Amino acid sequence: MTRIVLVEDDPTISEPLTRALSREGYDVEWHGSGAGGVDAADTADLVILDLGLPDIDGVDVARRIRDKGLQVPILMLTARADEVDLVVGLDAGADDYVTKPFRLAELLARVRALLRRRSSDEGAADVSVGGVRVDVAAHRAFLDDKEIQLSGKEFDLLHVLVANAGSVVSRDTLMHEVWAADPGAPSKTLDMHVSWLRRKLGDDATNPRFITTVRGMGFRFENDN
Ligand code: CA
């Protein structure tokens with residue numbers, strides 16, 4: 001049975017959400033504190049994590065889960081749209097986020113997408129080009145054998161680009177591959193993530209070693225770097 005750990009202190013959210021997830025056939029374990037969530041993550045297939053918790057905030061909970069070496073997907077619940085930048089920008093280790101108030105159907109779709117990605121990653125081969133290696137099964141990326149810390153979306157973006165190294169990947173394809181669970185995501189989200197990814201790779205947009213912008217089309221990961 002797929003085990004979901006729900007870390008949320010507000011019972012008006014956690015109670016209906018627990019019922020809905022159980023109806024979908026998931027085994028749900030609820031925690032009202034961040035500390036409880038960190039412990040429970042050990043055996044979870046997915047963690048749904050509220051950002052605002054009474055003891056440790058959600059960003060720290062996600063970091064502690066990653067610090068334990070756990071690759072479990074984390075779906076963050078944020079109370080305000082401006083918290084999204086915080087979650088995405090801080091490299092907390094969250095794989096996706098939903099802003100409150102959310103529609104139950106949307107949240108369940110995100111849950112399914114994260115679980116599906118996890119199972120398709122298992123047993124997948126490494127992809128490597130030049131100095132960059134993407135270990136798909138472990139959800140880790142390396143630059144010149146040093147690990148780079150990527151958010152879930154940055155990782156997916158790098159994976160798609162590296163898997164298609166030498167070819168232009170269109171903006172539409174990238175939006176579809178990386179933001180499939182969020183079809184309403186604005187296209188500038190892609191540019192923000194490319195920019196963060198470049199920074200982490202030490203790349204220069206004006207004189208790229210890795211990621212070249214192909215104007216009007218998309219992006220190309222260079223295979224002769
Ligand atoms: Ca809360």
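These are my notebook entries on a predicted model, kept in the order in which I looked things up.

**Entry 1: domains**

I began with the division of the chain, and found domain 1 at 3-121 and domain 2 at 127-221. I then took the centres of domain 1 and domain 2 over C-alpha atoms, and they are 24 Å apart. For the contact, I noted 11 residues from domain 1 and 16 residues from domain 2.

**Entry 2: the interface**

How is the size of an interface often given? The accessible area lost when the parts come together is often used. Here, about 1100 Å² is buried between domain 1 and domain 2. Carbon and sulfur atoms give 47% of that area.

Next I asked which elements give two or more residues to the side of domain 1 that touches domain 2. My search returned helix 4 (82-89) and helix 5 (104-121). Helix 5 supplies the largest share of this side, with 4 residues. I also sorted the residues on this side of domain 1 by type, and got 3 nonpolar, 1 polar and 7 charged.

With those charged residues in mind, how many salt bridges does the rule find across the interface of domain 1 and domain 2? The count is 0.

**Entry 3: salt bridges elsewhere**

I widened the search to the whole structure, and it turned up 15 salt bridges. One that I looked up joins the side chains of Glu 106 and Arg 110, at 2.8 Å from N to O. Both Glu 106 and Arg 110 belong to helix 5, and they sit 4 residues apart, about one turn of the helix.

**Entry 4: the calcium ion**

Which protein donors does the calcium ion have? I listed Asp 9 (OD), Asp 50 (OD) and Gly 52 (O), at 2.2 to 2.4 Å from the ion. Written as a spacing in sequence, the donor residues read D-x40-D-x1-G. Asp 9 and Gly 52 link distant parts of the chain, being 43 residues apart. I placed Asp 9 in the loop between strand 1 (3-7) and helix 1 (11-23), and Gly 52 in the loop between strand 3 (46-50) and helix 3 (58-67).

**Entry 5: backbone angles**

My last stop was the backbone. Most residues other than glycine have a negative phi, and most peptide bonds are trans.

The peptide bond from Lys 100 to Pro 101 is cis, with omega near -5°. Pro 101 is in the loop between strand 5 (96-99) and helix 5.

Asp 144 has a positive phi, near 50°, though the residue is not a glycine. I located Asp 144 in the loop between strand 8 (140-143) and strand 9 (146-148).

Conventions. Residues numbered from 1 in each chain as written. Predicted model: local features only at pLDDT ≥ 70, side-chain atom pairs only at ≥ 80, totals over all residues. Heavy atoms only, no water. Domains from an automatic or database assignment. Contact = heavy atoms within 4.5 Å. Buried area = accessible area lost by both parts, 1.4 Å probe. Salt bridge = Lys/Arg side-chain N within 4 Å of Asp/Glu carboxyl O. Nonpolar A, V, L, I, M, F, W, Y, C, P; charged D, E, K, R; others polar. Donors = N, O, S within 2.8 Å, 3.2 Å for Na, K, Ca; no water.
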